[in-house]
Amino acid sequence: MNPVNQRIVLLGPPASGKGTQADLLAGCFHIPHVSTGALLRSECSRGTPLGKEADGWTSKGLLVPDELAVRIVTAWMKENSPRFIFDGFPRTVGQAEYLDSSLAELRARLDLIVLLELPDEMIRRRILERISCLRCGATFSTSLHDNQEGAPCPRCRALLVRRNDDSEEALDQRLKVYRDLTLPVVGYYERTAPRILQRIDAGEGSDQIFAKLLALVADKKDEG
Ligand code: AMP
């Protein structure tokens with residue numbers, strides 16, 4: 001498939017399924033899935049200076065400073081064509097403004113922004129039941145799968161772990177950060193790009209959410 005939508009942003013609280021849905025879309029349309037969280041975790045597990053700097057923020061459930069997030073995205077944009085499914089970026093209004101201006105320099109713009117909405121109680125449950133593969137990014141719920149911490153990832157065989165920020169202690173902080181810093185990004189796009197901003201109830205199953213996402217992409221394709 002060759003969609004008109006080549007620059008897609010997935011917004012939403014922690015555990016709303018941004019990573020899973022971005023992966024599915026990327027597989028379908030061959031557009032790179034860019035997760036700033038995964039890029040930061042990779043820097044961290046390789047012990048790079050940037051990773052060490054980031055870990056001080058991420059392990060507490062705080063956002064890394066805009067300058068650091070922008071640095072990692074700028075490096076990615078330099079090495080890749082400006083086609084992407086961003087998952088976890090932008091997370092502040094400052095980052096959204098940066099993205100707009102760097103796309104403007106390339107004479108490009110966002111095609112689709114999707115907000116995955118999930119109530120706090122579901123976020124809390126999903127986070128506390130979540131284990132992740134830090135190599136391929138797959139996530140599993142310990143309530144639905146036999147996969148437990150320390151077991152091999154069914155996809156890539158690396159060890160499944162509990163992310164250091166998927167803890168009871170970091171959770172309240174992450175929810176507060178989402179409300180205070182990331183929800184205003186939705187307001188920013190409501191003002192600057194209302195035509196391409198869409199919302200999906202992320203409380204449904206992954207297959208239903210993906211069907212709705214595909215319909216949105218197809219909608220935009222018809223418009224193009
Ligand atoms: P995620 O995997 O998207 O849940 O991100 C994990 C953590 O990485 C977040 O809680 C932040 O500490 C950090 N992070 C990821 N993306 C960003 C971003 N765009 N801006 C600031 N911090 C980020």
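Begin by selecting strand E3 (residues 84-87) and E2, which run parallel and are joined by 3 bridges; two strands count as paired if DSSP finds at least two bridges between them. Helices (H or I, at least four residues) and strands (E, at least two) are DSSP runs, numbered from the N terminus. The model is predicted: local features need pLDDT of at least 70, side-chain atom pairs count only at pLDDT 80 or more, and totals for chains, interfaces and linings use all residues. Residues are numbered from 1 along each chain as its sequence is written, and side-chain values use heavy atoms, with hydrogens and water left out.

Within this pair, serine 35 stands opposite aspartate 87 in E3.

Next, display the whole sheet. This open sheet has 5 strands in the order E2-E3-E1-E4-E8, with parallel pairing. At its edges lie strand E2 (33-35) and strand E8 (197-201), each pairing on one side only.

Axes are lines fitted to C-alpha atoms, for helices over the stretch in contact, and angles run from 0 to 180 degrees between N-to-C directions.

Finally, select helix H4 (residues 66-79) and helix H5 (residues 93-105), whose axes come within 10 Å and cross at roughly 25 degrees. H4 and H5 are therefore roughly parallel to each other, a term for angles under 35 degrees. Among the residues in contact are Val70 and Met77 of H4 and Tyr98 and Leu99 of H5.

Conventions. Parallel < 35°, antiparallel > 145°, perpendicular 65-115°, else oblique. Contact = heavy atoms within 4.5 Å.
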